[in-house]
Amino acid sequence: LAEGVPANAADLFSNANDDSNLAPSLVYPPNLAYMPPNLGDFEAHWTSTAATDLYELSLSTEFSNTRLYTTMDASAGAFAAFTPEEWSVVGASGKGGDVIVQVRALNTATPASFGASLSHIIHLTSTDVEGGLYYWAAAGTLAGGIYRHDMGRPGEAAEPFYTTDESPDARCVACHVLSRNGEKMAVTFDGGNGSASIVDVATRQPMLPTDGTFAWNFAAFEPNGSRIVTVHQGVMTLRDSASGAAVNVVPTAGAATHVDFAPAGDKIVYVAKPAAGQDWVFTGGALTTMTFDASMATWGAPTSLFTPPVGSNAFYPSFSPDGEWVLFNQANEDAYDAGNAELYVMRSDGSAPPIKLNAPNVQAGFTNSWARWAPFEQELVRLGSDSEKFFWLTFSSKRAFGVRLPLGTPQIWMTPFFPGRATEGVAPSAPAFRLPFQEIETNNHIAQWTTQVIPID
């Protein structure tokens with residue numbers, strides 16, 4: 001029971017009759033979303049036009065029923081949150097099954113009737129999500145910079161990792177990329193075209209000078225972390241990640257940006273753009289791949305993967321953990337903070353056209369950008385169904401978060417991708433949910449995944 005809730009709240013609902021005129025509207029979580037059992041904590045948001053002041057929020061699985069009672073004015077929107085301990089019961093009892101979310105409402109002055117919202121169904125995956133997530137948090141009351149969260153520690157807030165409090169001379173840190181094992185982080189200081197370095201994650205100390213000796217705007221580590229491809233003013237350079245020394249210039253035969261390595265380390269995907277200019281502001285971007293011989297540090301010829309229609313722009317590509325898919329953004333405006341950016345996937349060999357992810361996109365205008373894959377392939381085992389492979393992916397979006405955040409505040413959202421469904425021509429994704437460990441007063445972008453979160457010495 002929340003503070004101020006009458007002790008007999010459960011009895012009031014048990015003794016009341018259903019009246020649809022009192023029904024609240026559940027606005028979050030989205031119906032038919034998939035969530036991991038170790039989400040950590042869980043919120044539900046609703047609105048009500050009726051004169052009700054007592055609410056019962058219930059989460060029901062096949063083996064459990066958890067209820068929360070609260071009082072508030074829901075005319076402008078209301079929400080309630082289950083604690084990590086409460087959600088852990090729901091997650092453990094519902095693995096591979098469904099959670100039924102519902103809100104009931106009544107007026108404590110006239111409690112003879114209650115209204116019940118339509119139920120939302122949440123599909124729980126059969127396995128926990130793993131890995132670590134590092135993202136840039138801007139604005140708000142906290143120090144700006146890189147924050148991180150260990151998915152294996154549900155219920156904990158994201159911790160500041162490399163903000164203005166930890167970086168050299170309190171400098172701004174935004175663009176960043178991690179090695180797959182989470183031991184190294186490449187960063188750019190002070191915005192576009194600023195100086196760059198590689199940070200040892202365990203000590204948070206720069207491994208390279210931060211005085212402008214090195215500069216890049218985007219980067220991608222080789223899967224073993226020994227080398228890194230950096231992007232500066234349309235030129236991609238392969239570097240030793242310990243010394244920063246250039247190994248060679250990647251022969252892109254034109255301006256390039258937004259690069260990612262395949263998990264096997266034998267290929268990169270990047271954006272070929274019409275002119276050098278700024279690495280982050282461009283139009284007419286096209287996806288291109290190039291093979292890489294790691295033993296010889298040599299490159300194959302650029303191969304076109306996807307050229308969008310005239311007037312469209314493709315950007316921010318990344319390989320799935322099995323290397324078979326490329327996730328990217330497409331918009332009809334420049335790549336930087338593109339308001340109508342949406343999520344697409346396609347086969348990494350170009351054997352089939354791109355697939356628009358309609359369910360997590362919802363609609364244009366949400367700035368669904370910076371999409372990245374979680375690092376592990378997972379198996380979904382649903383009660384009464386065959387198992388199927390899937391991957392989690394995250395992206396930054398300015399959509400409204402229920403009743404707590406209006407349209408226009410970017411946060412990190414998550415959704416699954418089912419490759420088997422994509423191959424069969426079935427909708428391969430689902431509505432997205434907001435990751436709950438984020439500070440709600442910051443603008444959150446550029447989520448980057450690692451297989452583990454390295455402790456700080």
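Reply: This is a predicted model. A place to begin is Tyr-316, which lies in strand β27. Its phi is near 50 degrees, a positive value in a residue other than glycine.

Me: Is Tyr-316 buried or exposed?

Reply: Tyr-316 counts as buried, because its relative accessibility is 4% and the cut-off for buried is under 20%.

Me: Where does Ala-253 sit, and what is its phi?

Reply: Ala-253 is in the loop between β21 (246-249) and β22. Its phi is near 60 degrees, again a positive value in a residue that is not glycine. Ala-253 is exposed, with a relative accessible area of 79%.

Me: Which peptide bond is cis?

Reply: The one from Tyr-28 to Pro-29, with omega near 10 degrees. Pro-29 belongs to the loop between β2 (25-28) and β3 (33-35).

Me: What does Phe-42 touch, sequence neighbours aside?

Reply: Leaving out neighbours within four places in sequence, Phe-42 is in contact with Pro-29, Met-35, Leu-59, Ala-80, Ala-81, Phe-82, Trp-87 and Val-101.

Me: And the largest nonpolar core, how many residues is that?

Reply: It has 62 residues, and Phe-42, Val-101 and Phe-417 touch the most other members. Strand β33 (residues 388-397) gives the most to this core, with five residues. Another core lies apart from it, with 38 residues, including Ala-220, Val-231, Ala-262 and Val-326.

Me: Switching to sheets. In what order do the strands of the β14 sheet run?

Reply: The order is β14-β15-β16-β17, in an open sheet of four strands with antiparallel pairing.

Me: How many bridges between β15 and β16?

Reply: Five bridges join β15 (residues 184-189) to β16 (residues 196-200), in the antiparallel sense. Ala-186 stands opposite Ile-198 in β16.

Me: What about the second largest cavity, what volume?

Reply: About 60 Å³. Its lining includes Pro-36, Val-129, His-149, Met-151 and Phe-437. By class, the lining of the second largest cavity has eight nonpolar residues, two polar and no charged.

Me: And the largest pocket, what volume?

Reply: The largest pocket comes to about 460 Å³. Of its 23 lining residues, Trp-136, Cys-175, Tyr-336, Trp-370 and Ile-446 lie nearest its centre.

Me: Which strands line the pocket?

Reply: β14, β31, β33 and β36 each supply at least two residues of the lining of the largest pocket. That lining divides into twelve nonpolar, nine polar and two charged residues.

Notes. Residues are numbered from 1 along each chain as its sequence is written. This is a predicted model: local features need pLDDT of at least 70, side-chain atom pairs count only at pLDDT 80 or more; totals for chains, interfaces and linings use all residues. Side-chain values use heavy atoms; hydrogens and water are left out. Two strands pair if DSSP finds at least two bridges between them. On a 1 Å grid over the protein atoms alone, a cavity is a set of points where a 1.4 Å probe fits but cannot get out, and a pocket is an open set with protein on both sides within 12 Å along at least five of seven lines; lining residues have an atom within 4 Å of a point. Grid points are joined across faces, edges and corners, and a volume is the space filled by probe spheres set on the points. Ala, Val, Leu, Ile, Met, Phe, Trp, Tyr, Cys and Pro count as nonpolar, Asp, Glu, Lys and Arg as charged, and the others, Gly among them, as polar. A nonpolar core is a set of buried Ala, Val, Leu, Ile, Met, Phe, Trp, Tyr and Cys residues joined through side-chain atoms within 4.5 Å. Buried means under 20% relative accessible area, exposed over 50%, partly exposed in between (1.4 Å probe, protein chains only). Contact means heavy atoms within 4.5 Å.
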